[in-house]
Amino acid sequence: MDDMDRKILAELQQDGRLTVTELAARVRLSVSPCHRRLRELERSGAIQGYRALVDPASLGLNFEALVFVSMRQEDRDTVAEFERAVGELEHVLDAQRLFGEPDYLLRVATADLAAFQRLYDERLATLPGVQRLTSTLVMKHVVRDRPLPA
């Protein structure tokens, strides 16, 4: 990864819909070498995909919470089953395994408090190996979907 690759990544993080021609002009490179670099960044996994950033409220997801999960058991099978089950919950937007206590942090979006309570009681509390759930409500986003530093 050199400086030109970093420039390409920075531009694409700002606007993933750029054509190769537009991208090449922004990074001051001719189209063919820019295209080769772009394909290599995709092939290597540096670019993992392209997608639209969607306003959650436009989908009726007006409520967000952070849920801290402490596990009762942390053996390999329980952890794998917990992670598989969390991966199937569409309202879990992010899930991270942590060092220390708690064991996991989940970012959850639902329509409202009532929908969150149903998700919490019916799905999150019944996940494999869960000992305790603690949640906090998101008041507002101060930094959101920031591009990675180049």
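This is a predicted model: local features need pLDDT of at least 70, side-chain atom pairs count only at pLDDT 80 or more; totals for chains, interfaces and linings use all residues.
How many bridges pair strand 2 and strand 3, and in which sense do the two strands pair?

**Figure 1. The protein chain is divided into two domains.** Domain 1 covers residues 3-44, and domain 2 covers residues 56-137. Between the C-alpha centres of domain 1 and domain 2 the distance is 36 Å.

**Figure 2. Helix 1 crosses helix 3.** Helix 1 is formed by residues 3-14 and helix 3 by residues 31-44. Their axes come within 11 Å and cross at roughly 80°. Helix 1 is therefore roughly perpendicular to helix 3. On the side of helix 1, the contact is made by Met4, Asp5, Ile8, Leu9 and Leu12. Helix 3 contributes Cys34, Arg37, Leu38 and Leu41. Of the residues in this contact between helix 1 and helix 3, seven are nonpolar, two are charged and none is polar.

**Figure 3. Strand 1 runs antiparallel to strand 4.** Strand 1 consists of residues 63-71. Seven bridges join strand 1 to strand 4. Met71 can be found opposite Val130, a residue of strand 4.

**Figure 4. Strand 2 and strand 3 form a hairpin.** The two strands pair in the antiparallel sense, over five bridges. Asp94 has Arg107 in strand 3 as its bridge partner. Six residues lie between the strands of this hairpin. In the hairpin, Gly100 takes a positive phi near 80°.

**Figure 5. Phe82 and Tyr104 form an aromatic pair.** The structure holds three aromatic pairs. In the pair of Phe82 and Tyr104, the distance is 4.5 Å centre to centre. The angle between the planes is 45°, and the pair is tilted. Phe82 belongs to helix 4 (residues 76-87), whereas Tyr104 belongs to strand 3 (residues 104-110). Phe82 and Tyr104 are 22 residues apart, and their pair links distant parts of the chain.

Conventions:
Residues are numbered from 1 along each chain as its sequence is written. Side-chain values use heavy atoms; hydrogens and water are left out. Axes are lines fitted to C-alpha atoms, for helices over the stretch in contact, and angles run from 0 to 180 degrees between N-to-C directions. Helices (H or I, at least four residues) and strands (E, at least two) are DSSP runs, numbered from the N terminus. Angles under 35 degrees count as roughly parallel, over 145 as roughly antiparallel, 65 to 115 as roughly perpendicular and the rest as oblique. Contact means heavy atoms within 4.5 Å. Ala, Val, Leu, Ile, Met, Phe, Trp, Tyr, Cys and Pro count as nonpolar, Asp, Glu, Lys and Arg as charged, and the others, Gly among them, as polar. Domain bounds come from an automatic or database domain assignment. Two strands pair if DSSP finds at least two bridges between them. Rings of Phe, Tyr and Trp (its six-membered ring) pair if their centres lie within 6.5 Å; planes under 30 degrees apart count as stacked, over 60 as edge-to-face and the rest as tilted.
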